[in-house]
Amino acid sequence: MFCSNCGKEIDDKAVVCIHCDCAVGNQEKQIVVQLPKQQKSYVAALLLCFFLGTLGAHHFYTGRPAQGLIMLVITFTGIGLIITIPWAIIEFFIILCGGFGTADGGKLV
Ligand SMILES: [Zn+2]
């Protein structure tokens, strides 16, 4: 077959063109490995958000350490509580309504 990008002849089973490194047609034949989604406790996330929400505990718990760390740092500036308290309250209600999952798209159970 021929590369759809540069037009040069390439191996029929090629996934990437050897001439231009462009991905070619065979990709869909690659098996997509789906990892099982994380299962985290709904109640635990809710309680962590309620008691330690301003420290980003519910973010650490659901696999978002970066977001948790941001909340933690903002809270430790002291004045930042003005931001993180309403932030945590909003997210508490998001968790309550079931709109909060794990970072990899899993649901809280
Ligand atoms: Zn090519």
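Cys6 is partly exposed, with a relative accessible area of 32%, where partly exposed covers the range between buried, under 20% relative accessible area, and exposed, over 50%, using a 1.4 Å probe and protein chains only. Cys49, by contrast, is buried, at a relative accessible area of 3%. A search of the whole structure finds zero disulfides, a disulfide being a pair of cysteine sulfur atoms within 2.5 Å.

Before I go on, please keep in mind that this is a predicted model, in which local features need pLDDT of at least 70 and side-chain atom pairs count only at pLDDT 80 or more, while totals for chains, interfaces and linings use all residues. Residues are numbered from 1 along each chain as its sequence is written, and side-chain values use heavy atoms, with hydrogens and water left out.

Let me turn to helix 4. This helix runs over residues 81–96, with helices taken as DSSP runs of H or I of at least four residues, numbered from the N terminus. Its 16 residues reach 22 Å from the first C-alpha to the last, close to the 22 Å expected at 1.5 Å a residue, the expected span being 1.5 Å times one less than the number of residues. Which residues of helix 4 are buried? They are Thr84, Ala88, Glu91, Phe92 and Ile95, and seen down the helix axis they fall within an arc of 115 degrees, so they line one face of the helix; the arc is that of the directions from the helix axis to the C-beta atoms. An α-helix has 3.6 residues a turn, so residues three or four places apart point the same way. On the other side of helix 4, Ile82 and Ile90 are exposed.

Leaving aside neighbours within four places in sequence, His58 is in contact (heavy atoms within 4.5 Å) with residues including Cys49, Glu91 and Ile95.

Conventions
Helices (H or I, at least four residues) and strands (E, at least two) are DSSP runs, numbered from the N terminus.
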